[in-house]
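Please look over the sequence and the model shown here. The paragraphs that follow go through its helices, sheets and charged pairs.

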Amino acid sequence: MRITRLAYFIPTLLLLSNAWGGKPNIIMIMADDMGYETVGANGCDDYKTPNIDAMAKNGMRFTNAFANPICTPSRVKLMTGKANVRNYTFFGKLDRGQKTFGNYFRDAGYKTCISGKWQLGQETDAPSHFGFDQSCLWQLKKGNSHTIEGKKYDSRHTSPDLSINGVAKEFRNGEFGPDVCVDFIEKFLEANKDESFFVYYPMILPHCPFVPTPGTPDYNPKSPGSPTYKGDAKYFKNMVEHVDQLVGRIASKVDELGLSENTLIVFTGDNGTDVPVVTSLNGKSVAGGKGKADRDSGVRTPFFVTMPGTVQAGKISNELVDFSDLLPTFCELAKIDTFENKNLDGVSLLPTLMGKGERKKPWSYLFYSRNDATQSASSVVVRNATHLVYRKGGPDKKIEFFDCSIPYERKLQKSSDLSDDERKVFAELSRVMKRYDTQFQSDLSKGAVQQWQKKSKIGKKKKK
């Protein structure tokens with residue numbers, strides 16, 4: 001994709017110079033385990049999401065946005081602008097040799113903040129190392145549970161354990177973890193309203209355990225946390241609607257500070273909805289498919305963008321979007337040069353967002369290997385608007401071809417039944433897959449590869 005970016009980068013920058021004065025602010029919001037089907041503006045019948053729906057009215061709604069099928073892989077791709085085949089190492093880790101959007105923006109003089117779920121390594125300095133001045137994080141210094149009065153409970157919702165700027169803190173006075181994270185963001189916005197800022201909000205919600213949320217009948221602020229990993233799926237509705245409330249709080253704060261026209265806000269989800277949640281979408285039941293790389297229920301995600309006066313209002317786009325596109329979009333908007341980073345895989349969304357210029361993204365590539373990036377355990381998908389190719393396992397495995405022109409429905413295509421046009425599509429998407437096979441670990445240092453070899457499944461097999 002890199003070769004397509006230069007052609008429109010400079011013209012778009014010239015257009016931007018007249019759209020607003022000064023450097024733009026950016027707020028990137030990513031819900032945890034909240035698929036496309038969960039948002040009212042997308043056709044959800046079960047949950048009320050008026051604040052996210054307002055983003056569709058005031059900005060753009062995208063119908064073909066795709067994440068990776070699970071959390072850490074999506075976060076790595078989003079933050080670095082690169083496909084996992086290049087730089088993913090282990091679940092719960094981000095290779096410290098990578099440059100993230102936090103680094104780009106702090107280097108450009110922005111004030112930077114991250115608040116929410118981390119899950120990218122437990123080094124105390126990790127948020128700062130990856131470009132964030134301020135941080136309020138779950139899963140930095142501790143795991144996902146804590147022990148209170150001799151019993152183990154989940155630590156992210158009621159009675160949360162968070163790390164504030166690297167210092168672990170236990171909240172035991174009725175606080176709700178997701179609300180604490182937004183409190184932190186609001187204070188950051190107030191303190192930096194006269195500065196250019198970049199905020200990354202990887203939400204804790206609505207990931208399980210499914211629990212009651214503040215303002216709902218079953219909520220208990222004194223709860224030590226859920227005693228089970230999953231909780232009760234009947235509370236998923238409460239959690240989605242609380243996500244919407246938190247999005248509304250942030251948008252309202254930006255508006256209150258008079259910054260709406262100079263602030264780009266993005267809302268998306270890091271993967272599909274979890275099992276066993278089933279949601280009605282335009283009258284059709286969609287079962288959560290988190291973890292499935294080749295299924296819409298695993299990777300199709302809500303995607304909304306607002307910035308009054310810059311982003312087109314009330315528009316719907318069917319263009320392909322994946323998480324590698326966000327970093328180049330943000331950097332182009334802020335006029336931050338990324339050309340030294342030759343392996344960025346994303347394509348900026350600015351031409352589409354502004355309705356000016358041409359964006360070329362004929363396909364989207366996904367490499368997914370949850371635990372340690374081993375190719376033999378990977379799922380690889382390349383898709384265009386109507387078809388996808390899928391391979392389970394390494395480069396020597398069979399490539400399957402599917403018609404995915406109807407969301408949440410896919411049909412295996414037999415080679416004997418393909419039309420000439422379909423054969424061309426299959427050949428093109430397969431070539432993309434094979435080209436990326438040659439890029440395995442291309443953006444990891446020699447030392448990082450050696451460490452990976454020692455700790456991965458490959459290294460463990462060699463020791464035996």
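How are α7 and α8 oriented to each other? The model is predicted, so local features need pLDDT of at least 70 and side-chain atom pairs count only at pLDDT 80 or more, while totals for chains, interfaces and linings use all residues. Residues are numbered from 1 along each chain as its sequence is written, and side-chain values use heavy atoms, with hydrogens and water left out.

Helices (H or I, at least four residues) and strands (E, at least two) are DSSP runs, numbered from the N terminus. The axes of helix α7 (residues 177-191) and helix α8 (residues 236-256) come within 10 Å and cross at roughly 10 degrees. Axes here are lines fitted to C-alpha atoms, for helices over the stretch in contact, and angles run from 0 to 180 degrees between N-to-C directions. Angles under 35 degrees count as roughly parallel, over 145 as roughly antiparallel, 65 to 115 as roughly perpendicular and the rest as oblique. α7 and α8 are therefore roughly parallel to each other.

Next come the sheets, in which two strands pair if DSSP finds at least two bridges between them. An open sheet of 10 strands has the order β8-β7-β4-β3-β9-β1-β10-β13-β2-β14, with mixed pairing. Its edges are β8 (167-170) and β14 (315-322); each has a single partner strand, so one side of each is left without a neighbour in the sheet. From one strand to the next, the twist averages 15 degrees. Strand β2 (residues 60-66) runs parallel to β14, joined by 6 bridges, and Asn64 has Leu320 of β14 as its bridge partner. With strand β13 (residues 303-306), β2 pairs in the antiparallel sense over 2 bridges. In β2, 7 of the 7 residues are buried, so the strand is largely enclosed by the rest of the structure. Buried means under 20% relative accessible area, exposed over 50%, partly exposed in between (1.4 Å probe, protein chains only).

A further open sheet has 5 strands in the order β15-β16-β17-β18-β19, and the pairing is antiparallel. Ser430 is in helix α12; at 5% relative accessibility, Ser430 counts as buried. Not counting residues up to four places away in sequence, Ser430 touches Val389 and Ile399.

Charged pairs remain. A salt bridge is a side-chain nitrogen of Lys or Arg within 4 Å of a carboxyl oxygen of Asp or Glu, and the count comes to 28 salt bridges. Asp270 and Arg75 form one of them (2.9 Å, N to O). Asp270 lies in the loop between β10 (263-269) and β11 (278-281) and Arg75 in helix α3 (residues 71-80), so the pair ties together parts that are 195 residues apart in sequence. Asp437 forms a salt bridge with Arg391, with the closest N and O atoms 2.9 Å apart. This pair links helix α12 to strand β17, 46 residues apart, and both Asp437 and Arg391 are buried.

Technical notes. Contact = heavy atoms within 4.5 Å.
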